[in-house]
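Here is a short tour for anyone who likes to look at a model residue by residue. Please keep the viewer open as you read.

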Amino acid sequence: PWSNPKSFSSGNGIVEIIDQSGTSEDLPTNAVYAYSMTQQIYTAEEIGQWGTIYSLAFYSNSNAIRDLDIYMTHTNKTDFSSGNDWVTVTTADLVYSGSVSFTGDAWTRIDFSTPFFYNGTDNVVIVVDDNSMHTNDDFKCRYFNTSYQSLYIYSSSTNHDPTNPGGYTGSRLSQKNWIQLGFLPVCNKPSHFKISHINQNSASLSWTEN
């Protein structure tokens with residue numbers, strides 16, 4: 001059992017949340033089935049900073065191509081209480097939609113089409129909706145053990161709707177994926193901002209960079 005995941009900031013804007021691990025066929029997607037949906041909670045303590053997240057990466061054990069919709073949203077949940085305890089997302093929470101080519105024994109980075117602004121205090125739910133309509137056998141990604149911070153469901157015929165998940169009964173997992181979050185650089189606010197020489201057509205601005 002590993003209860004204290006390690007969060008590393010690489011210094012180039014990448015926050016890596018990992019621990020000792022196994023590999024899971026259920027997270028972030030179960031590619032043995034045509035469709036699946038997963039939700040995973042990552043805490044503010046694990047993420048360790050605020051700012052704009054522009055990418056997400058998973059570490060997979062094999063090659064696979066999956067068609068994914070990825071959503072991110074803030075939450076006050078720390079765990080999932082049951083198989084019906086889904087977080088409902090909206091289309092405004094969609095950060096990526098498209099094909100993802102996973103590479104075996106490596107990080108696969110997914111660059112968001114819509115960056116997600118993380119407030120630094122709430123927890124975050126990452127929702128992966130797999131709409132692939134085909135299977136990839138033996139596709140797994142690395143995970144670490146935790147409390148019930150993951151929820152998943154899969155099907156050969158039902159394409160799940162993360163914006164209306166109330167009718168689905170999934171399964172909880174006491175595991176979640178290794179991830180890397182890509183943050184845009186945070187610029188400190190300038191100080192001593194001044195406006196002078198104001199006239200009808202112009203003004204002079206000055207400040208001190210920080």
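The model you are looking at is a predicted one. Met133 sits in the loop that runs between strand 9 (123-130) and strand 10, and its phi is positive, about 65°, even though the residue is not a glycine.

His197 also deserves a look: this non-glycine residue has a positive phi of about 50°. You will find His197 in the loop between strand 13 (191-196) and strand 14 (204-208). Its relative accessibility is 64%, and therefore His197 is classed as exposed. As background, most residues other than glycine have a negative phi, and most peptide bonds are trans.

Where is the cis peptide bond between Leu27 and Pro28? Pro28 belongs to the loop between strand 3 and strand 4, and the bond joining Leu27 to Pro28 has an omega of about 0°.

Asp26 is in the loop between strand 3 (22-24) and strand 4 (35-42).

What Asp26 does have is a polar contact, side chain to side chain, with Asn30 at 2.8 Å. Leaving aside residues up to four places away in sequence, Asp26 touches Thr38, Tyr152, Tyr154 and Leu173.

Which residues have the most contacts inside the largest nonpolar core? They are Ile70 and Ile126, in a core of 33 residues. Apart from that core lies another, made of twelve residues, including Trp86, Val87, Val127 and Leu151. In soluble globular proteins, nonpolar side chains tend to be buried together.

## An exposed asparagine

Asn164 lies in the loop between strand 10 (141-155) and strand 11 (171-177). This asparagine counts as exposed because its relative accessibility is 53%. Asn164 and Thr90 are 74 residues apart along the chain, with 8.8 Å between their C-alpha atoms.

How values were computed: Residues are numbered from 1 along each chain as its sequence is written. This is a predicted model: local features need pLDDT of at least 70, side-chain atom pairs count only at pLDDT 80 or more; totals for chains, interfaces and linings use all residues. Side-chain values use heavy atoms; hydrogens and water are left out. Helices (H or I, at least four residues) and strands (E, at least two) are DSSP runs, numbered from the N terminus. A polar contact is a pair of N or O atoms within 3.5 Å; within protein, one must be able to donate a hydrogen and the other to accept it, and residues adjacent in sequence count only if both atoms are side-chain atoms. Contact means heavy atoms within 4.5 Å. Buried means under 20% relative accessible area, exposed over 50%, partly exposed in between (1.4 Å probe, protein chains only). A nonpolar core is a set of buried Ala, Val, Leu, Ile, Met, Phe, Trp, Tyr and Cys residues joined through side-chain atoms within 4.5 Å.
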